[in-house]
Amino acid sequence: MLRLSQARCLQLAAQGLLKRSSRRARSVDVVAAIERMRLLQIDSIHVVARSPYLVLYSRLGAYEPNWLDDALAQGKLAETWAHEACFVCAADYALHQAWREQRAPHWAHRHAQRVQMEHRQSMDNLLVRIRDTGPVRAADFAREETTRGASGWWEWKPEKRWLEACFALGELMVTRRERFQRVYDLSANVLARLDPPLDATQATLSHVELRRRFILDSVRALGISQARWIADYYRLKPAVTAKELAPLVSHGELVEVTVEGWDAPGYVHCDHAELLAQASLGRLRATHTTLLSPFDPLVWDRARVLAMFGFEYTIECYTPSSKRRYGYYVLPILHRGRLIGRLDAKAHRAQGEFEIKAMYLEPDIEPTTRLLQDLAGAVADMAHWHGTPRIRLGRCRPAGIAAALRALWRG
C-alpha cells in the first residue's frame, strides 16, 4: 500500500516536477518534456508568460522560450486538438489524426463543421490561396483580428474563423508561430516535414486500439491515477472504468495499487515499475519548489488535484471578476511535494516588474524559514527568467509573510 505522500511523489516524478533539474536546460529538453507529459496545452493569455512556456519553465528551469517555437517550425512538434488545443510530439501526431472523428462532439469540431457548411466556397478559396502563395497568418488579412463583442467574447474576423475551421477539420496545420500567432499551411506540406515522419501504421489503428493507447499514455503521463481521472487527460468519452482497465492489468501493461485513503485502486504504467518500487520504499523525495501555470497538466483536473493534493483550484481567468476568489491569473505554488498556496501575478514587461497582486498560503501551511526561502527563490528565479526581475508584492495571507519575503528579495 502506498501512502498518499508516496503517490504524490510518483505523480510528480512522472510529470518531471519531483526535483529541480541538476543541469542547465538544452533545446532537446523541450521535446523530451512534452514527450513525458504527452500533451502541452496552448493558451494565449499572457499576463505572465503564456501557459506553454510556463509549463516548460516549471520543469526545465531557465530555458530559451524560442526553443518551443523552433521545435514546432522544425517539425518535431505539431499542434492539434487533444485535451484542448495542444502541442504534441511529431511521433504521436498520427494517433491524433486518426482520432479526429472521435472528437466530433467537441465544441471546436462542431463549430468548424458549422462554419464549413456556411462558408465552404470561401474556405476553398482560402485553401487555394495558401496552395498558390504559401503559408498565411490571420493578421495577413485586412481589419483587426478580433473585436470585443457585446457578449463579452472575442468575435473573430471571417478569415480567422475559416482558418481555425480548416485547422480543426484537418485541412490546415500550423507550420510555425510568429510572436505566438499561428502560421497556417496545407496539412500535406506540414506532414511532409514531421520529424520523425508520420507513422502510417498508426492511422490504421481501430477506435478500440486508439482508445487503449490513449488510456495507457494518460496513466504513464500521470504516474499514478484512479480510473475516474484517466479520460480527462485526452478528453476521452465515455469515462474509463475499472472494468475497462482489468485486461490491461492482467496483461501486465498496468499495475493496480492501493493508496491509503482512496476508495478506489490506483493504476501505474508498467514503464514506471521502478518508480513505483522507489515510491513504496519512501525513496522518492520531492525537493522542487516552483510556480505552476493554471493550465499545467498537474492541476487542470480539479477532481484529481483535490484528491491528490487536497488543493481546491479553479482557473478563474474565465470567471467574471465579481465571482473570483483569488484573482485573474493565479499560479499554484508547488513546494517539496505539496501545493501550498497560490499567487495572482502580472508581469509588467516594459517596466521589468513582476507584480504579485496577492499571495495566499493554504490555511494548514506553516510558513517556516525554509519554506519562505524556497518560495522567495522560486519567485525570483521566474521573475528573472521572464525579464521582469523587480518584484512588487501586494497583500498576503498570512499577512506576516510579506515582510519576510521582501527582506529575502532585498538580500
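Let me begin with Phe180, which is buried at a relative accessible area of 10%, where buried means under 20% relative accessible area, exposed over 50% and partly exposed in between, using a 1.4 Å probe and protein chains only. Please keep in mind that this is a predicted model, in which local features need pLDDT of at least 70 and side-chain atom pairs count only at pLDDT 80 or more, while totals for chains, interfaces and linings use all residues. Residues are numbered from 1 along each chain as its sequence is written, and side-chain values use heavy atoms, with hydrogens and water left out.

Now to the aromatic rings. A pair of aromatic rings is described by the distance of the centres and the angle of the planes. Rings of Phe, Tyr and Trp (its six-membered ring) pair if their centres lie within 6.5 Å, and planes under 30 degrees apart count as stacked, over 60 as edge-to-face and the rest as tilted. The structure holds 13 aromatic pairs. In one of them, the centres of Tyr53 and Phe180 are 5.9 Å apart with the planes at 55°, so this pair is tilted. Because Tyr53 lies in helix H3 (residues 51-60) and Phe180 in the loop between strand E6 (172-178) and strand E7 (181-186), the pair ties together parts that are 127 residues apart in sequence; helices (H or I, at least four residues) and strands (E, at least two) are DSSP runs, numbered from the N terminus. Tyr53 also counts as buried, at 10% relative accessibility.

What sits over the ring of Phe180? The charged end of Arg177 does, 4.3 Å from the ring centre, and the rule here is that CZ of Arg or NZ of Lys is within 6 Å of the ring centre and within 35 degrees of the ring normal.

Let me turn to the core. A nonpolar core is a set of buried Ala, Val, Leu, Ile, Met, Phe, Trp, Tyr and Cys residues joined through side-chain atoms within 4.5 Å. The largest one has 109 residues, and those with the most contacts inside it are Leu56, Tyr63 and Met359. Helix H14 (residues 369-386) gives the most to this core, with 8 residues. A second, separate core has 32 residues, including Leu284 and Phe309.

Which residues does Tyr63 contact, leaving aside its neighbours within four places in sequence? With contact meaning heavy atoms within 4.5 Å, the partners of Tyr63 are Ala25, Val30, Pro52, Tyr53, Leu56, Tyr57 and Trp385, and this list brings us back to Tyr53, the ring that pairs with Phe180.
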